[in-house]
Amino acid sequence: RSSSWAGFTPGFSPRPKRRRSRFSTGCSSACSSTANKYLLLLLFNIILLIAGCFLNPSAAIVLLTPILLPVLVNVGVDPVHIGIIMVVNLAIGQITPPVGACLYVACNLSKVKIEVVIREVMPYIGILIAALLLITYVEGVSLLPLRYYTP
């Protein structure tokens, strides 16, 4: 018989049950309801673009990676590719209104009104989204340099 003190056995720490939030449960069920890799990548991009508009990228990565990474890995997406897509999405979100922190910093530094900058930056956001779609759906674009330079 092992010694225990107040119901605690040395070497064993009981894990409390983790409750999942409604958001993570809903997101996981929505993502797992389809096995289509391309539809999941589109949903992943939409979620990350919205999160990038409102959250700091480091906070978004910490919050969303544990929820979204397992779903995409299960349908056959490379984890490095997921990381690249995530970083590009969140970078686009930083210059996208309504919150777009980098957009407001640039306006403050240049002493230009936000309305003028938003109107001028919209074509570039369109180009960035086109590049994001290329990175997302043509896996070789983002993984070719990695495969070329790693032994």
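Glu139 is partly exposed, with a relative accessible area of 23%. In this predicted model, Glu139 forms a salt bridge with Lys37 and is also touched by His81.

**The salt bridge**

- The count of salt bridges comes to 1.
- In the pair formed by Lys37 and Glu139, the closest N and O atoms are 3.8 Å apart.
- Because Lys37 belongs to helix H2 (residues 37-54) and Glu139 to helix H7 (residues 139-149), the pair ties together parts that lie 102 residues apart in sequence.
- Lys37 has a relative accessibility of 22% and therefore counts as partly exposed.

- Leaving aside residues up to four places away in sequence, His81 touches Ile135, Thr136, Glu139, Ser142 and Leu143.
- From C-alpha to C-alpha, His81 and Glu139 are 7.1 Å apart in space, although 58 residues separate them in sequence.

**The crossing of H5 and H6**

- Helix H5 covers residues 101-110 and helix H6 covers residues 114-137; their axes come within 10 Å and cross at roughly 125°.
- That angle makes H5 oblique to H6.
- The crossing of these two helices is right-handed.
- On the H5 side, the contact involves Leu103, Tyr104 and Cys107, which meet Ile114, Val117, Ile118 and Val121 of H6.
- Sorted by class, this contact of H5 with H6 has 7 nonpolar residues, with no polar and no charged ones.

**Backbone features in the loops**

- Most residues other than glycine have a negative phi, and most peptide bonds are trans.
- Pro97 and Pro98 are joined by a cis peptide bond, with omega at about 15°.
- Lys111 is a residue other than glycine with a positive phi, near 60°.
- Lys111 has its place in the loop between H5 and H6.

Terms used. Residues are numbered from 1 along each chain as its sequence is written. This is a predicted model: local features need pLDDT of at least 70, side-chain atom pairs count only at pLDDT 80 or more; totals for chains, interfaces and linings use all residues. Side-chain values use heavy atoms; hydrogens and water are left out. A salt bridge is a side-chain nitrogen of Lys or Arg within 4 Å of a carboxyl oxygen of Asp or Glu. Helices (H or I, at least four residues) and strands (E, at least two) are DSSP runs, numbered from the N terminus. Buried means under 20% relative accessible area, exposed over 50%, partly exposed in between (1.4 Å probe, protein chains only). Axes are lines fitted to C-alpha atoms, for helices over the stretch in contact, and angles run from 0 to 180 degrees between N-to-C directions. Angles under 35 degrees count as roughly parallel, over 145 as roughly antiparallel, 65 to 115 as roughly perpendicular and the rest as oblique. A crossing is left-handed if the near helix is turned anticlockwise from the far one by less than a right angle, and right-handed if clockwise. Contact means heavy atoms within 4.5 Å. Ala, Val, Leu, Ile, Met, Phe, Trp, Tyr, Cys and Pro count as nonpolar, Asp, Glu, Lys and Arg as charged, and the others, Gly among them, as polar.
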